[in-house]
Amino acid sequence: MLPVSYYLIVAAIVFCIGAYGVMTLRSGIMIMMCIELMLNAANINLIAFASHFSQVNGHVFVLFSIALAAAEAAIGFAILMSIFRSKNNVNIDNINILRW
Amino acid sequence: MAVDNIVFLIPALPVLAFVLTLAFGKKLPSGGGYIPILAIAISCIISILAFLQIHSTDIPIPIEVSAHWFSVLNVGIFIDPLASVMLLMVSFVSLLIHIYAIGYMAHDPGKPRYFAETALFTAAMLGVVLADNILQFFISWELVGLCSYLLIGFWFRKPTAAAAGKKAFLTTRVGDVLFLAGIVILYSSMRDVFLERFPAGIPDGTYLLQFSTIFENISHIDPTHLTIITLLFFGGAVGKSGQFPLHVWLPDAMEGPTTVSALIHAATMVTAGVYLVARTFPMFIASPAVELAGITIPATLTVVAYIGGFTALFASTMGLVMNDLKRVLAFSTISQLGYMMLALGMGSVIGAAAVGFAMFHLINHAFFKACLFLCAGSVIHSTGTNDLREMGGLMSKMKITGITMLFASLALAGIGIPFINKIVGFPVGTSGFVSKDAIILDATYVFSHMTHDWIPFAFGILAALLTAIYTFRLWFMAFTGKPRQERHPHESPATMTGVLSILAIFALVFGMLTFHPFLDFVGHTYDSHEIEHLAGLGGNPILEHPDHEIHHIVDTASPIIILLPVIVGVGGLLLAWIIYNRRWISVASIGNMRNPIFKILAKRYYQHEIFIELISMKFTYGVLALTGEFSDRKIVDGIIDGISSFIIGGAEVLKKIQTGVVQNYATATVLGVGLIALILSFKGVI
C-alpha cells in the first residue's frame, strides 16, 4: 500500500493547479472548474486519511463534500448562464457593476 | 363670609369678557365694548365688598382662598389691606378708562380686538394683585407683559407701533428673566429650609412659594441668597415699572391708543413693579448688605431708594423738552414711579409704613395720571395731533378737558397749602401734594437724620421742581395762547368728559380725604410679620414707632424744609407761566440745539444711541452675536465638517481595494491563508 504522503502530494498538486487557475483565469466556467479541482483535492486528502486510519468518517464527509460541490456548481452555472444572456460572454473581468 | 366665595370672580369675569368680546364683538354694538365694562364693573363691586369686609374689623383680617395645584405649589387668592386698596384702584380706574374708550375708540375698526385685549389686560393685573404665591404672581405678571405688547402694537400696520410693542416686550423681558431667576433661587432656598426642618419630607399642605409661607421663613433663608433674590425681584420691578436703566420702553409705548397709555401708566402695568416690591416687602427689609466675590452689595432697600430717586430726577429732566404731549406724560410717569420706589426704599428706616406711603402715592398717581392721559386723549381726539407746538388756545374750545387737565396737572405738580393740616387735622391740597410731599419730607428726615445721606432727598426735591415746570409747560402750551395751527377742535362726547370729571375730582380731593385712614389701613398689612425683627436681620436701623417719630421730626423741623416742596411746585408753575404763557423769556433762546443742555435732553441723553446702536448693535450684535456665529460656523461646524471630510477622503483611498475583479479577491484569500499558515507554523502550532 502506498504511503499516505503520496496521496497528499497529489492532492497538493491538484489544489495548487486549482488555486492558480482561480487566480489567473478569466472565464467563469474555467474558474468554476478550478474550484471543483480544489474541492476534489480536499476530497482526496479526506479519503487518504480515512483509509490510512481505517475509519469511515472521512468517506462520509467526502459524500457531503461532493453533494456540496454539485449544489455549488448548479448555482454557479445558473449565474453564469444569466450573465451570458445579458453580456454575451462569461468573462469575469467585465462583471464589476457593484464596484465603486 | 360670602365674599370669600366670590373673590375668584374678580379676575375671572374680565377673562370671560375677553373671550366673549373676541368671539362675538363684531356683531355687538360698540364692538362689544359693553361686555368688559359690565365685567369690570362687577369686579369693582366685588372688590369694594372685599375691602369693606377687611376694613370692618379693627385689625384687618385678610381674605385667603387657596387650593392645591401640584406638588408643593398652590393657586390661591390673598387679599390683605395692601392688595385690597390696589384692587379697588385697578378695577375702578380700569372701569373708567373702558367707559372712556367707548367714545375714544368709536371710529376704530379694531374695536372688538381692542376691548378684548384691554379686558385681558385688566384681568391679568387683577391676577397680579390677587396672587397669593409668587408663581401665580409671575404668571399674571407675564400676561400683563403680553397684553401690553399687543396693545402698544395695536395699530400694528404702523411700523413705529409694531417696533414700540416689540421694544416694550423685550425691555420688560429683561426684567422678567431676572424676576424668574429670583423665583428659582427663592424656591431652592425655601426647599432647603423645609428639608432641614422636615428631613422626612415636606408635609402636605405646605406651599413653598406662598407669600405667607415665605414671610414666615425669611429668617431661615441664607442672607446672601435673600439679598440676591430681592435684587433680582427688584430687577423685575425695574423692568415693569420703567425704572432706570430699563425705562426706555415707556416713552415709546405711546404708540398705542391713548386709552392704552392711560391703562399702562395708571392702572394695569407700571404699578405692578411697585406692587411687587410692596408685596414682598418683608423680604426686602430683611435683605442685608452682603459681600459676594469681594464686591460689597448694599442692602436691597438702599438700592431701591437710590434707583428710585435717580429715576425720578432723570426722567423729569427729559420731560422738560419733549414736544409730544404723550411723551411728556410718559416721562412724568417714570419720574413718579421713581418717587414710589424712593418711598419703598425708605422702608429701611421707617419700616412697613413705607409701603403705605408708596401705595398712597401709587393710588393718587393712578387717578391724576389716568386723568392726564385721558385729557391728552381728548385733545388728540379733537385736534388730530400729538405735537404740543401745533396746539395752543384750546381752552376756549375744550373747557371741560382744559379744566380737568389743569386739576390733574396741579395734582402732578403737587400744589397744596402747607401747615394747614395742624389746624384742620388733615393735609389740604391736591392728591399729588399730599402723597408726594409726604414722601419728600420723609425722605429728608429719614436720610438726613438716620443715614446722613442727602442724595435721595436732593433727587426728590429737584425732580419736584422739574415736574412742576414740565407739567405746566404742557398745559400752557396746549390750552393757552393763540392756536398755532389751523385746526377745528371740539369738545369730546359725554362718555369721555364725564370720566375726566370723575378722575379730576379724585385727583383733587382723594389725597386730602383719605390721608390718615389710608396710611393706617395699609400700615396694618405686615402687622403679623414682625417687621422689626426682619429689619434687624437686614441691618436696617428701623424706628420703633415710625409714625410718632416722623411726626415729631416734621413738627420740629424748620419751616423752610416743609415749605420747600410747595415752593418748588409753585416756582415751577410760575417759571412755566413766564416762559410758555407770558413768553417774557423766549423759548427759542433756550430751546435750540446750540444749547448743550437742551440738546442732550432733546436727544434723551443719547439713550437711543447708547442702548440701540452701542449696546445692541455694536456690542450685542457686533461682538457677541458675531463671535457666537463665528464659533458656531467655524469652530463647531468646522470640527464636524473636518471629521466627515477626513472619513470621506479615507474612503476614497480605501475603496480602490475593491477592484471588482474576482481573481484579485481569490489571490488575496490564498495569500492570506498562506500567511496565516506561515505564522502558525512559526509559532509551532502546526
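Student: How many residues does helix 3 of chain A have, and how far does it reach from its first C-alpha to its last?

Tutor: Helices are DSSP runs (H or I, at least four residues), numbered from the N terminus. The expected span is 1.5 Å times one less than the number of residues. Helix 3 of chain A (residues 57-87) has 31 residues and reaches 44 Å, close to the 45 Å expected. This is a predicted model, where local features need pLDDT of at least 70, side-chain atom pairs count only at pLDDT 80 or more, and totals for chains, interfaces and linings use all residues. Residues are numbered from 1 along each chain as its sequence is written, while chains are lettered from A and ligands numbered from 1 in the order in which they are written.

Student: How many residues of helix 3 of chain A are buried?

Tutor: Buried means 20 or more other C-beta atoms, placed from the backbone, within 10 Å of the residue's own. For helix 3 of chain A the number is 0, so it lies largely in the open. Asn88(A) follows this helix, with a positive phi near 65 degrees.

Student: Which residues touch the most other members of the largest nonpolar core?

Tutor: A nonpolar core is a set of buried Ala, Val, Leu, Ile, Met, Phe, Trp, Tyr and Cys residues joined through C-beta atoms within 7 Å. Here the largest has 222 residues, and those touching the most other members include Ala358(B), Cys371(B) and Leu503(B). Helix 17 of chain B (residues 353-383) gives the most, 20 residues.

Student: Where does a second core lie?

Tutor: That separate core of 6 residues includes Ile31(A), Met32(A), Cys34(A) and Ile92(A).

Key:
Helices (H or I, at least four residues) and strands (E, at least two) are DSSP runs, numbered from the N terminus. A residue is buried if 20 or more other C-beta atoms lie within 10 Å of its own, exposed if 12 or fewer, and partly exposed in between; C-beta atoms are placed from the backbone.
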